[in-house]
Amino acid sequence: MAGGIQITWTSERSLCVRGARSDPAAVVALRSVEGVRDAAPAEMDLYVQVDPLAGVTEREILQALESASGRTAFEPRTHEIPVCYDARYGPDLAYVAEHCGLSSGDVVELHASIEFRVKFLGFAPGFGYLDGLPESLHVPRLASPRTRVEAGSVGLAGPYSGVYGLAGPGGWRIIGRTKAVMFGVERAEPALLRAGDVVRFCPVSAQRFES
């Protein structure tokens, strides 16, 4: 361990870095190390994939992280995402309101007032874990995940909010839906969000959403 950073080899091809900054600048610095094939931030760690024949050392990893100190990889983008919070598209809005001791309108107003930061992407293509949710809106996941959640569904789980990029199973509490395309394979950069980006949700009526 160096400077509180712990590196654990999880296989001959990958390692886990704990205790380091996990922002885009650190990821870019790690990807610049010869022999590193990829690096990705997670909630508490950085995962690094390497060429097992390249001889990447822990010292090189630490030097890369040190070089990223105080730097930014790119200017974060701000996304204003329209969301319909109507009960037809937010089946868990009433539960969230009751769990949090708020009205549904209060939940919507509070959720739409937050400037979220994309902490990392995972779980599904284009799914960003949005940091910044106040504790007053923390809710548990569903006891039994739904077998299908529509693309564009906006959910809450624990300290995060997120938007499903593709339809599929999921256990987050759904409070609304957007038509914003969070993941599109036809785009040069398929995922709309990048770690570090800013996200704001803008309420729209059901009439406007359906038009």
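**Close-up views of a predicted model**

**Figure 1. Overall view of the chain.** Of the contacts in the chain with a separation of 6 or more, 62% are between residues 24 or more positions apart. The model is predicted. Its secondary structure comes to five helices and 13 strands. Along the principal axes, the C-alpha atoms fill a box of roughly 55 × 35 × 35 Å. The chain has 211 residues, and 43% of them count as buried.

**Figure 2. Surface and charges of the chain.** The chain carries 21 positive and 25 negative charges. The mean position of the positive charges and that of the negative charges are 3 Å apart.

Figure 3. Helix α3 covers residues 93-100. Its buried residues are Leu 93, Val 96, Ala 97 and Cys 100. Seen down the helix axis, these buried residues fall within an arc of 100°, so they line one face of α3. Ala 94 and Glu 98 are exposed on the other side of the helix.

**Figure 4. Packing of α3 and the residue that follows the helix.** Gly 101 follows α3 and has a positive phi, near 70°.

Figure 5. Cys 84 is buried, with a relative accessible area of 1%. The closest cysteine sulfur to that of Cys 84 belongs to Cys 202. These two sulfur atoms are 13 Å apart, so they are too far from each other for a bond. A disulfide would require the pair to lie within 2.5 Å.

**Figure 6. Cys 100 in helix α3.** Cys 100 is one of the buried residues of α3, and its relative accessible area is 19%. This value counts as buried because the cut-off is under 20%. For the sulfur of Cys 100, the closest cysteine sulfur is that of Cys 84, at 20 Å, which is too far for a bond. With the 2.5 Å criterion for a pair of cysteine sulfur atoms, the count of disulfides comes to zero.

Definitions and conventions: Residues are numbered from 1 along each chain as its sequence is written. This is a predicted model: local features need pLDDT of at least 70, side-chain atom pairs count only at pLDDT 80 or more; totals for chains, interfaces and linings use all residues. Side-chain values use heavy atoms; hydrogens and water are left out. Buried means under 20% relative accessible area, exposed over 50%, partly exposed in between (1.4 Å probe, protein chains only). Helices (H or I, at least four residues) and strands (E, at least two) are DSSP runs, numbered from the N terminus. The arc is that of the directions from the helix axis to the C-beta atoms. Contact means heavy atoms within 4.5 Å. Lys and Arg count as positive and Asp and Glu as negative; His and the chain ends are not counted. The place of a charge is taken as NZ of Lys, CZ of Arg, CG of Asp or CD of Glu.
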